[in-house]
Amino acid sequence: MAGAVASWWGGRSGLQLGLLAGVLLTGALLGANTVENMARFGITPGFDFLARPANFEIGESLLDYRPQDSYAHALLVGLLNTVKVAALGCAVATVLGVALGVARLSGNPLLSALVQGYVELIRSTPLLLQLFFWSATFQALPAPRQAFNPLPGVFLCNRGIQLPAFVDGRAGGWALGALLLAGALALGGAALRRRLDLGGTGGGGRRAGLGVAALAVAAPAGLLWTAGVSLAVEFPELAGFNFAGGVTVSPEFSALLVGLVVNAAAMIAEIVRGGIQSVPSGQWEAARALGLTRGRIMRLVVLPQALRVIVPLMTSSYLNLTKNSSLAVAIGFPDLVSVINTSANQTGQVLETMAIMMGAYLAVNLAVSVAMNLYNRRIALRGLP
């Protein structure tokens, strides 16, 4: 019996080694053929082209960029554009999706039916078609002289969305840093107050919470004062045939962001609805018996339990939104895919540029997955902060 098993296992191992050798040989042949074809067209394999001047324009960038800059710099600009739209899209889609998911379970039949119709419409149409629709919508806006003015200092026209902006160009980054610092201190203060209250320290938790709250206000203000950053804001004003002042959000970026948010929010709404319905009805009844309002029941009782179901599925939604941002090339937004395509066409280094693009998307998606998995592990083991 032992001899038969050894003979079977040896035959299986031999088959596996043969398959592995075949795969490696096929890969080597394909690689040699690719290198030979590249040499015939005068293309040298490798990533040396990254140091050469790109010699093409990029319409939007978070960094200073000129056509004389290298391909490496151009690819970094495209990657940052992708990260920007993905980060904003995930944040806005989360807020909208949670609101829609809660509204879907509303006792108002009209509101519930409207949300259901929205979800079914978005989930039943291709995302690329939705992006074309939003792109056409922004292009159909009136000229600057007839621009819509929905809010003070905000204008919508076919040149894009005009918004107020800081006069000091550094103020945006410093203000964001100050907000993140304030948020971190506020979360730390809430956790400290809860720990002290659970420890039975009397009013210690309340005093500690007030102290940290004061620090959350004073520390960001001190940071901005130390950096010498001015928070003066300028508003866009019509000057001739266009606007002057403020900041312009391009129609391409606006269409891409709105399309991704509207599409992802429909998926998130269904995730939130399913998560809320997974909480036993007895939790609602117990909370009502304590006299809590529906809003407080949802915020304090239901959502904290539903998050254990929602967060893992939300990770998939965030990853899908990030990958779907690659469709930006269809409506003219210069994301990573657009810059990669232009670089590949100019240099002929198709394999190298495709490898860079795959590596970049893999890195971004892994970062999102790690962050969401850490948060999911925290709420699964310790409860919400």
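Select Asn55 to begin: at 56% relative accessibility this residue counts as exposed, a class that requires over 50% relative accessible area, whereas buried means under 20% and partly exposed lies in between, with a 1.4 Å probe and protein chains only. Asn55 sits in the loop between α1 and α2, and it has a positive phi of about 60 degrees although it is not a glycine. Most residues other than glycine have a negative phi.

The model is predicted, with local features requiring pLDDT of at least 70 and side-chain atom pairs pLDDT 80 or more, while totals for chains, interfaces and linings use all residues. Residues are numbered from 1 along each chain as its sequence is written, and side-chain values use heavy atoms, without hydrogens or water.

Next, select Leu20 in helix α1 (residues 2–40), helices being DSSP runs of H or I with at least four residues, numbered from the N terminus. Leu20 counts as partly exposed because its relative accessibility is 47%.

Then move to the largest nonpolar core, in which Leu256, Ile276, Val302, Met314, Tyr318 and Leu321 touch the most other members of the 41 residues; such a core is a set of buried Ala, Val, Leu, Ile, Met, Phe, Trp, Tyr and Cys residues joined through side-chain atoms within 4.5 Å. Elements giving two or more residues to this core include α7 (251–277) and α9 (294–324). Apart from this core lies another, of 17 residues, including Tyr65 and Tyr361.

Finish on Leu256, which, leaving aside neighbours within four places in sequence, is in contact (heavy atoms within 4.5 Å) with residues including Val85, Leu131 and Phe333.
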